[in-house]
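Here is a brief report on one protein chain.

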Amino acid sequence: MKKIILLLSVAAALAGCSSPTQRMADCQAQGISKDTCYMAEQNRQTAILGAAEKQAMENASKAVD
């Protein structure tokens, strides 16, 4: 249970304090197209989920050993 809480804490830290809507607005304020900002946000979320899944798999393999 502690590992899950730690994992969620890390994900929250990586997410930062801004919301996806705020990051989209900041991106568009720089003159970047909405489509490009949306793609960047999706890639960001995918990277965070991928890192969380990788860590979960490593934790699970350690628990089995």
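## Fold and surface

Along the sequence, the chain reads α-α-α. The model is predicted. The chain holds three helices and zero strands.

Of its 65 residues, 12% count as buried. The accessible surface of the chain is about 5200 Å². Carbon and sulfur atoms account for 65% of that surface.

## Helix H2

Helix H2 spans residues 20-29. Its buried residues are Arg-23, Met-24 and Cys-27. Viewed down the axis of H2, they fall within an arc of 100°, so they line one face of the helix.

The face turned away from that buried side carries Thr-21 and Ala-29, which are exposed. Gly-31 follows H2, and its phi is positive, near 90°.

## The disulfide

How many disulfides does the cut-off give? With sulfur atoms required to lie within 2.5 Å, the count is one disulfide. The bond joins Cys-27 to Cys-37, with an S to S distance of 2.0 Å. Cys-27 lies in H2 and Cys-37 in helix H3 (residues 34-64), so the pair ties together parts that are 10 residues apart in sequence.

Is the disulfide of Cys-27 and Cys-37 left-handed or right-handed? The torsion about its S-S bond is about -85°, so the disulfide is left-handed. Both ends are covered: Cys-27 is buried, and Cys-37 is buried too.

How values were computed: Residues numbered from 1 in each chain as written. Predicted model: local features only at pLDDT ≥ 70, side-chain atom pairs only at ≥ 80, totals over all residues. Heavy atoms only, no water. Helix = DSSP H or I, 4+ residues; strand = E, 2+ residues; numbered from the N terminus. Buried < 20%, exposed > 50% of the residue type's maximum accessible area, 1.4 Å probe, protein only. Areas by Shrake-Rupley, 256 points an atom, 1.4 Å probe, with all protein chains shown as cover. Arc of directions from axis to C-beta.
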